[in-house]
Amino acid sequence: MEDLYCQGCGTAIQTTTPDEVGFTPKSALNKETILCQRCFKLKHYNEIQDISVTDDDFLKMVSQIRDVEGLVVHLIDIFDVNGSMIQSLARIIGDKPIILVGNKVDLLPKSTNKQKLINWLKKSAKDAGIKVKDVFLISSIKGHGIEELTEAIDSTRNNQDVYVVGTTNVGKSTFINRLIQQTSGDKNVITTSYFPGTTLGFIEIPLDDNSVLIDTPGIVNKQQMVHYVSKSDLKIITPSKEIKPRVFQLNNQQTLFFGGLGRIDFLKGDKQSFVCYFSNHLSIHRTKLDNADKLYDDHVGELLSPPDEVTREKLPELVQSTFRIKEEKMDIVFPGLGWVMIPEVNTTVVVHSPKTVAVSIRPSLI
């Protein structure tokens, strides 16, 4: 096939990989105006469709805008902060102001301390070398927090372009559609205002006569749990409604399994309540620590499910991390799954999680 380029965003057309930049069905190559599938859906159906690129590919794409002025809106998943925060963002975008946006706030328990969450997100960004102007909590699907965020973007961007960045599966496409609807009040603004972009893989949507909102492809981060589970397992572990706490009274030398994707062993400490915040569909199983290894070997994928067969082929081995709780009410966070609140000091736990998905600890958000 001769080299063809999308007349919408300028990226090279390819017909083999639907989730990557430039895909279009072979049947579309005979049309007079050739658009990649992403631009086609934008123009004809008013939909922003997220596609994924590697960190290196994204770096090449944004090198052309690194030194121009603009505001960066970094969307992350509240349930997978470690996996969805782009560690190399400062290096990639240069010295641009950044607004950090935590998505899926509607799925948190109502008892969540939102200010504690914001403070933790600020600290997580700082630890990643990302200097943020502000942090907002929103729901792309429900629209919570969008109006406040829109006002902040408008006052911070100083009439400059806005670049929306994020990893795959953080809800970026839904977020951009919601943002455009909020700023324009018109659900059809994308279709009526559509015009070709100028940078590979980017989509430009007019904000006013002089500036645009730029949708960038989602970065693939291999620290995200989403890359190691099947589509059916992803539906189980991804919350679709407000998560309900599940409480287990544990003595030391007991274990909790979260399906077969994670595990926490209670080694030392007084009898206490372990409060679990995971998708309501994910099964949690309690057993004695002495039985845990055998239970996992004999029943992973069955009693301890997910993982299904597809996930088991992709899932890295579970590795151990030890945490000693020295303050009251700490959360052990399983990125992409959820977290466990441990209330008592002088508690020691061993956590098992997939090798590439790093577990962390934080002051309790509840």
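## Ground rules

A residue is called buried when its relative accessible area is under 20%, exposed when that area is over 50%, and partly exposed in between, using a 1.4 Å probe and protein chains only. The structure above is a predicted model, so residues are numbered from 1 along each chain as its sequence is written, local features need a pLDDT of at least 70, side-chain atom pairs count only at pLDDT 80 or more, and totals for chains, interfaces and linings use all residues. Side-chain values use heavy atoms, with hydrogens and water left out.

Helices (H or I, at least four residues) and strands (E, at least two) are DSSP runs numbered from the N terminus.

## Two cysteines without a bond

Let's start with the cysteines. A disulfide is a covalent bond between the sulfur atoms of two cysteines. Here a pair counts when the two sulfur atoms are within 2.5 Å, and the total comes to zero disulfides. C6 is in no disulfide, and the nearest cysteine sulfur belongs to C39, 3.7 Å away. C39 isn't in a disulfide either, and its nearest cysteine sulfur is the one on C6, at 3.7 Å.

Are these two cysteines buried or exposed? C6 is buried at 5% relative accessibility, and C39 is buried too, with a relative accessible area of 0%.

## Salt bridges

Side chains of opposite charge can pair when their charged atoms come close. A salt bridge here takes a side-chain nitrogen of Lys or Arg within 4 Å of a carboxyl oxygen of Asp or Glu, and the count is 12 salt bridges. Take E242 and K110, whose side chains meet in a salt bridge with 2.7 Å from N to O. This pair links distant parts of the chain, 132 residues apart: E242 sits in the loop between α9 (231-237) and β9 (246-250), while K110 is in the loop between β3 (98-103) and α5 (114-127). K110 is exposed, at 71% relative accessibility. E242 also forms a salt bridge with K244, where the closest N and O atoms are 3.9 Å apart. K244 is partly exposed, with a relative accessible area of 46%.

Now for D293 and R263, which form a salt bridge at 2.9 Å, N to O. D293 lies in helix α10 (residues 289-299) and R263 in strand β11 (residues 262-268), so this pair ties together parts that are 30 residues apart in sequence. D293 is partly exposed at 48% relative accessibility, whereas R263 is buried, with a relative accessible area of 6%.

## A negative patch

D19, E20, D56 and D57 form a negative surface patch. One of them, D19, lies in the segment before α1 (37-45) and is exposed at 55% relative accessibility.

What makes a patch like this? Its residues have over 30% relative accessible area and no salt bridge, with like charges joined within 9 Å (for nonpolar side chains, Val, Leu, Ile, Met, Phe, Trp and Tyr, it is within 5 Å). Areas come from the Shrake-Rupley method with a 1.4 Å probe, and for residues only the protein chains shown count as cover. Asp and Glu count as negative, Lys and Arg as positive, with His and the chain ends not counted; the charge is placed at CG of Asp, CD of Glu, NZ of Lys or CZ of Arg.

Most residues other than glycine have a negative phi, and most peptide bonds are trans. S305 and P306, though, are joined by a cis peptide bond with omega about -5 degrees. P306 is in the loop between α10 and α11 (309-314).

Q253 isn't a glycine, yet it has a positive phi of about 75 degrees. You'll find Q253 in the loop between β9 and β10 (254-258), partly exposed at 37%. N346, another non-glycine, has a positive phi of about 55 degrees. N346 is in the loop between β16 (338-342) and β17 (347-354) and is exposed at 65% relative accessibility.

## Across the chain

Q223, in the loop between β8 (218-220) and α9, is partly exposed at 38% relative accessibility. L261, in the loop between β10 and β11, is buried at 0%. The C-alpha atoms of L261 and V319, 58 residues apart along the chain, are 11 Å from each other.
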